[in-house]
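Let's take a walk through this protein together. Keep the structure open beside you and follow along as we go.

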Amino acid sequence: HDRVVGRLTHHELGDPISDAQIPELEVALMSSELFKTAKVTFERTAEGVVIVAVLVDKMSWISAPTIYLLPASWSAGVGFAENNLLGEDKKLLLYGQIGNRTNLFFGTYFDPSVNGTKLQRRFDLYTYRRYLQEYLDPPGDARSFEIGRETQQTFLDAGALVGWKFYWWLV
């Protein structure tokens, strides 16, 4: 978690730091919205100063069921979101839905600092299958509900994004 604290406080090993900056460091950690509390102290060593951050994590995940009901179609699903995966500020979002007319899955993963570097990466996956009923619409019978054909749509989309964070404020 050293990398996360360094990235959130915008300090790297060897940066000059003083006791006057403790409130600034605590505000930087709290502004990430990852922690309930953040207390920063310094421990002096022969080589310099070690930043000690005592952090209390917030509940960083949520899971929620979904349900969709209409007279001719229904579906049920579940979603999961994690905002601090493995305590390293990585993001994970998953959602799946199964129904009699529509099935889908969406997943995304975002790493804002690959191995503590300024390299960022993101992966997305989206699958979708839908069954459509197309009505005949016969001439002279505007109220007909006769099905002319049933069509299936299937999508599989995937994406990847790689980026470099030049400055901490340039997201």
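Before anything else, remember that this model is predicted. Start with strand S6 (residues 102–111) and strand S7 (residues 119–135): the two pair in the antiparallel sense, with 10 bridges joining them. To find one of these spots, look for Asn 103, whose bridge partner in S7 is Arg 129.

S6 has another neighbor to meet. Strand S5 (residues 90–99) also pairs with S6 in the antiparallel sense, this time over seven bridges. Here you can pick out Gly 96, which stands opposite Phe 105 in S6.

Leu 156 sits in strand S8 (residues 147–164). Is Leu 156 buried or exposed? It counts as exposed because its relative accessibility is 64%, and the cut-off for exposed is over 50%.

What about the inside? In soluble globular proteins, nonpolar side chains tend to be buried together. The largest nonpolar core here has 11 residues, among them Val 4, Leu 25, Val 40 and Phe 42. Helix H1 (2–9), helix H2 (22–30) and strand S1 (35–45) are the elements that each give two or more residues to this core, and S1 supplies the largest share, four residues. Zoom in on Leu 25: leaving aside residues up to four places away in sequence, Leu 25 touches Thr 9, His 11, Ile 17, Val 40, Phe 42 and Ile 51.

Technical notes:
Residues numbered from 1 in each chain as written. Predicted model: local features only at pLDDT ≥ 70, side-chain atom pairs only at ≥ 80, totals over all residues. Heavy atoms only, no water. Core = buried A, V, L, I, M, F, W, Y, C linked by side-chain atoms within 4.5 Å. Buried < 20%, exposed > 50% of the residue type's maximum accessible area, 1.4 Å probe, protein only. Contact = heavy atoms within 4.5 Å. Pairing = 2+ DSSP bridges.
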